[in-house]
Amino acid sequence: PAVQGLAPGVIADWLRWGTSELDAASDSARADAEILLAALLDSERAALRLRHDEAIEAATVLRYASWIERRKLGEPVAYIVGRQGFWTLDLVVDTAVLIPRPDTETLVEWALSRLPAGSTARVLDLGTGSGAIALAVASERPTVSVLATDLSEAALDVARENARRNGIGHVVFARGAWLAALPAEAAPFDLILSNPPYIADGDAHLAALRYEPRLALTSGIDGLDAIREIVREAPAHLKSGAWLLLEHGHDQGAAVRALLTEAGFENVETRRDFGGNDRVTGGRKP
């Protein structure tokens, strides 16, 4: 294929072209090329592989070339196509929110283990972003009550849209910084969840995350400022016997366990993500 001349080509040709263009820029060039073209053709990625001999319209080719160029410059695939799968949900994402990661499903799994089927528990998700955690929990537990907060109104707009698109009506959204977002009369919760920013301000990995909102990524010189605030403020909003579960960096498990223990939480433990890294630490209020 030749983009400028819009030479005829079938799906297989353009996938080869896209993959070769991305080879030097992405360690998942073939997958990226397939996801981008599938999105443009409104196709499932797996179904695309059965359509290799189909021709593509010139307008689609031009858009595909522009998307490949954006990916070559480092923009995440999820932002280019405007959505990301998480748990069983298809979520809208843009640069107002972090892209949901599979590792965060560790937090969802732990939360669901604390919420038996039929539970009427009150759940709070702090810093909800795209709504991924709150909506995943709510989708599995239709009888719980979920409140999701975020400091960013733009992020809450994304989360509300995701609730609408996924047909989840029992999540309420509120704007504010961590627990300050709660209304004064809010009853205590049975479970508080958060995937807060936890990257240190000067971390070398931030360059690779330049398209994502810095507010949702960094938290002080050691990355733990937000977690410290949540651990300090959460007990006043938890029922006796309720749990606080926090996602954190792969090397922060010991530090977060210490913070929870010092704050008086019991049964403190850390769980690992799919890659075997410390990822979520939680404790129970006495």
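D42 counts as exposed because its relative accessibility is 72%; exposed means over 50% relative accessible area, buried under 20%, and partly exposed in between (1.4 Å probe, protein chains only). The model is predicted, so local features need pLDDT of at least 70 and side-chain atom pairs count only at pLDDT 80 or more, while totals for chains, interfaces and linings use all residues. Residues are numbered from 1 along each chain as its sequence is written, and side-chain values use heavy atoms, with hydrogens and water left out.

**Two residues with positive phi**

- D42 is not a glycine, yet has a positive phi of about 55°.
- D42 sits in the loop between α2 (29–40) and α3 (45–48). Helices (H or I, at least four residues) and strands (E, at least two) are DSSP runs, numbered from the N terminus.
- W178 is not a glycine either, and its phi is positive at about 50°.
- The loop between β5 and β6 (189–194) holds W178.
- Is W178 buried or exposed? W178 counts as buried, because its relative accessibility is 15%.

**The sheet**

- Seven strands make an open sheet, in the order β5-β4-β3-β6-β7-β9-β8, with mixed pairing. Two strands pair if DSSP finds at least two bridges between them.
- β5 (171–175) and β8 are the edge strands; each has a single partner strand, so one side of each has no neighbour in the sheet.
- On average, neighbouring strands of this sheet are turned by 15° against each other, direction ignored. Axes are lines fitted to C-alpha atoms, for helices over the stretch in contact, and angles run from 0 to 180 degrees between N-to-C directions.
- Strands of a sheet pair through backbone hydrogen bonds, either parallel or antiparallel.

**The β4 and β5 side**

- Strand β4 (residues 145–150) runs parallel to β5, and five bridges join the two.
- L147 has V172 in β5 as its bridge partner.
- Helix α8 (residues 153–165) packs on the sheet and touches β4 and β5. Contact means heavy atoms within 4.5 Å.
- The direction of α8 makes about 170° with that of β5.

**β6 and β7**

- β6 and β7 are parallel and pair over five bridges.
- L191 stands opposite W243 in β7.
- From β6 the chain crosses through helix α9 (residues 225–233) to β7, in a right-handed β-α-β crossover. Right-handed means that, with the strands pointing away from the viewer, the path from the first strand over the helix to the second runs clockwise.
- β7 is mostly covered, with seven of its ten residues buried.

**β9 and its neighbours**

- Why is strand β9 (residues 278–284) largely enclosed by the rest of the structure? Six of its seven residues are buried, so β9 is largely enclosed.
- Strand β7 (residues 238–247) runs antiparallel to β9, and five bridges join them. Here E247 stands opposite V280 in β9.
- Strand β8 (residues 266–272) also pairs with β9 in the antiparallel sense, over five bridges. T270 has T281 in β9 as its bridge partner.
- β8 and β9 form a hairpin with five residues between them. In the turn, G276 has a positive phi of about 85°.
- Helix α10 (residues 253–262) lies across β7, β8 and β9, and runs at about 10° to β9.
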